[in-house]
Structures are given as C-alpha cells and as structure tokens.
Amino acid sequence: TGYLILVTTHNSSDGRYYRMKRRHCGSPTSCSNDEGGSSSNNNKPRTESAALRSILGAAGQSLDEFFASTWQQTPALYRRTAAGPKDECVVVQEENVLSACVDMGIEGVASILERSRSRWNQVIRNDDDDDDSLPQVNRGMPPPLCFQQQEPLSAEHIAQVYGNNPLAAYLDGCSIVTNHVDVDACPHIAALCQDLQDSLPHVYANSYLTPPQSQAVPPHADDRDVLVLQLYGKKKWKVYETVPIPYPYPQEQVGKAGLEVP
C-alpha cells in the first residue's frame with residue numbers, strides 16, 4: 001500500500017518563457033518584469049519554503065542550488081536521512097508543515113477519503129428545471145477517481161457498485177485519485193501547498209492511494225512541474241534519468257494519447 005501526493009507547480013507549457021525570464025531574476029520569489037520594473041514580489045521580504053528547505057537539506061542542497069541546477073532541468077530523488085527510521089519515506093529534518101503531512105498516518109489518509117466522499121454530493125441540477133433526466137452539473141470540486149488495472153472506472157460503476165464510497169472502492173482493489181486534495185480534503189496538505197508557494201509561483205496537490213501489488217496509472221509525463229511526496233506505505237519507484245521532452249505542451253506528454261515512453 002502506498003499513499004502519495006503530487007504537488008504541482010505552474011504549467012510547463014509556459015516553461016520556455018518562464019525559464020528564460022528566470023535567467024535574469026534568480027529565484028522565483030524575486031523576479032523583474034519584462035519592462036525593467038520590479039514585480040510586486042520584490043517589494044516583500046524574501047521568504048523560503050520550510051518544507052522545501054527540509055527536503056533539500058538532507059542532500060546538502062540549498063534552495064538557490066536547487067533552482068540553478070535541478071528545477072525544470074533534471075529529475076532528482078531525495079531520500080530519507082541516514083539517521084531516520086528505516087520505514088521513513090519522506091525526509092523531515094525540522095518541525096514544519098511537511099512533518100505534519102508525514103505524521104498523519106493511515107488515520108489521516110482515511111479521513112481524507114471520507115472528506116472527499118462529500119464531493120459526490122455536490123452534483124446538482126438546474127434549479128429552474130424539474131426534469132431528472134437532464135445532465136447534472138458538479139459545481140464543487142471533482143469527486144475522487146477510481147482505477148482498476150490502470151483503467152478508470154465510470155461514475156455510474158462507482159455509484160452502483162461502491163455507493164460513491166472511496167473506502168469501499170479501495171478495499172475492492174481500486175486505486176483512489178483525489179485531485180486538488182488541498183482545497184477541501186486535508187488542511188495539512190493545504191498548509192504544505194501554502195508553504196511551498198513561498199518558493200514556487202503556484203502550487204496545488206493531487207493524492208494517490210494505491211492497494212498492494214497494484215499501480216494507479218501507466219508511466220507518463222505531465223505538462224507541468226511535479227514534486228512527488230510519498231507520505232505512507234511502501235512503493236517501488238523507477239526514476240528516469242532524462243526528461244523525454246523538455247517543457248512539453250499537452251499534446252507532447254509521453255505515455256498519453258498514444259505517445260510511447262522512451
């Protein structure tokens with residue numbers, strides 16, 4: 001069993017422009033605009049994400065070094081500290097919002113699934129029409145997705161078989177994906193995303209709960225920058241040494257739409 005979150009920053013389809021801009025401004029928290037003036041960030045004291053500093057510190061890497069040589073340039077793996085417990089999955093060197101996520105345990109994971117269950121109740125009809133056959137509209141956050149054998153299950157199947165209960169789906173062997181879990185399902189993850197925005201321009205989180213001997217989705221690349229944090233359980237990871245397509249547009253994501261992973 002493994003529970004992890006994908007912490008996502010800005011869309012990398014804008015990465016070509018954004019990276020060129022960064023060459024003239026150093027860290028993402030202190031950039032100048034194209035007209036030569038200072039951005040609003042320059043008028044504020046520079047801050048750094050405590051969580052990102054904790055992750056990088058175990059590898060002896062500063063935030064400046066991370067943005068100069070790693071971010072948007074090469075995949076990187078940050079392991080637990082040598083002095084940490086053998087079953088510790090995420091580096092935690094100091095008390096911060098990252099350690100709060102790591103310490104929530106299986107009870108915290110179950111609580112997230114229970115909170116996300118309410119998203120199915122946010123599907124409503126047009127108040128001006130009493131026809132139950134009309135399409136329904138979800139005006140809240142998207143409900144969790146369920147995968148079996150790396151294939152998504154339909155909303156009808158989830159409702160009929162599991163009663164829109166992600167816990168029941170998980171016990172039946174489904175991987176559960178909750179997008180934007182930081183919005184309404186977990187205050188600890190929300191605080192982590194807020195903290196990371198001290199060093200990154202924009203952050204949100206998706207969570208993945210995978211049963212033993214299973215995999216939610218096939219290998220693929222995304223059109224955005226992603227930090228993968230394993231918060232619970234054990235997983236076997238394969239880390240690719242090179243990026244297949246730097247700064248991919250949506251149609252260039254390998255592992256999707258028929259594009260093979262090299």
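**Figure 1. Thr-70 lies buried in the loop between helices H3 and H4 of this predicted model.** Thr-70 counts as buried because its relative accessibility is 9%, buried meaning under 20% relative accessible area, exposed over 50% and partly exposed in between, for a 1.4 Å probe and protein chains only. The loop that holds Thr-70 runs between helix H3 (63-69) and helix H4 (97-102); helices (H or I, at least four residues) and strands (E, at least two) are DSSP runs, numbered from the N terminus. The side chains of Thr-70 and Gln-61 make a polar contact of 3.1 Å. A polar contact is a pair of N or O atoms within 3.5 Å; within protein, one must be able to donate a hydrogen and the other to accept it, and residues adjacent in sequence count only if both atoms are side-chain atoms. When neighbours within four places in sequence are left aside, Thr-70 is in contact (heavy atoms within 4.5 Å) with Gln-61, Glu-65, Ala-76 and Tyr-78. The model is predicted, and local features need pLDDT of at least 70, side-chain atom pairs count only at pLDDT 80 or more, while totals for chains, interfaces and linings use all residues. Residues are numbered from 1 along each chain as its sequence is written, and side-chain values use heavy atoms, with hydrogens and water left out.

**Figure 2. Phe-66, Phe-67 and Trp-71 are linked into a cluster by ring pairs.** Two aromatic pairs are found in a search of the whole structure. Rings of Phe, Tyr and Trp (its six-membered ring) pair if their centres lie within 6.5 Å; planes under 30 degrees apart count as stacked, over 60 as edge-to-face and the rest as tilted. Phe-66 and Phe-67 form an edge-to-face pair, with 5.3 Å from centre to centre and 65 degrees between the planes. Phe-67 and Trp-71 also form an edge-to-face pair, at 5.3 Å centre to centre and 85 degrees between the planes. Phe-66 and Phe-67 are both buried; the relative accessible area of Phe-67 is 4%. Trp-71 counts as buried at 6% relative accessibility.

**Figure 3. Helix H2 (residues 50-57) is mostly covered.** Six of the eight residues of H2 are buried, namely Ala-50, Ala-51, Leu-52, Ser-54, Ile-55 and Leu-56. The elements that cover these buried residues include H3, H4, H9 and S8. At the start of H2, a side-chain oxygen of Ser-49 comes to within 3.3 Å of the backbone nitrogen of Ala-51.

**Figure 4. Helix H9 (residues 187-196) has buried residues.** They are Ile-189, Leu-192, Cys-193, Asp-195 and Leu-196. Seen down the axis of H9, these buried residues fall within an arc of 160 degrees, so they line one face of the helix; the arc is that of the directions from the helix axis to the C-beta atoms. Pro-187 and Gln-194, on the other side of H9, are exposed.

**Figure 5. Strand S7 (residues 204-210) is largely enclosed by the rest of the structure.** All seven of the seven residues of S7 are buried. Strand S6 (residues 175-178) pairs with S7 in the antiparallel sense over three bridges; two strands pair if DSSP finds at least two bridges between them. Leu-209 in S7 is the bridge partner of Ile-176.

**Figure 6. Cys-174 and Cys-186 are buried cysteines.** The count of disulfides, defined as pairs of cysteine sulfur atoms within 2.5 Å, comes to zero. The closest cysteine sulfur to that of Cys-174 is in Cys-146, 5.1 Å away, too far for a bond. The relative accessible area of Cys-174 is 0%. Cys-186 is in no disulfide, and the nearest cysteine sulfur, that of Cys-101, lies 5.7 Å away. Cys-186 has a relative accessibility of 4%.

**Figure 7. Leu-259 lies in the segment after strand S8 (224-233).** Leu-259 counts as partly exposed, at 34% relative accessibility. Leu-259 and His-220 are 39 residues apart in sequence and 9.1 Å apart in space, C-alpha to C-alpha. Apart from neighbours within four places in sequence, Leu-259 is in contact with Gln-251, Glu-252, Gln-253 and Val-254.
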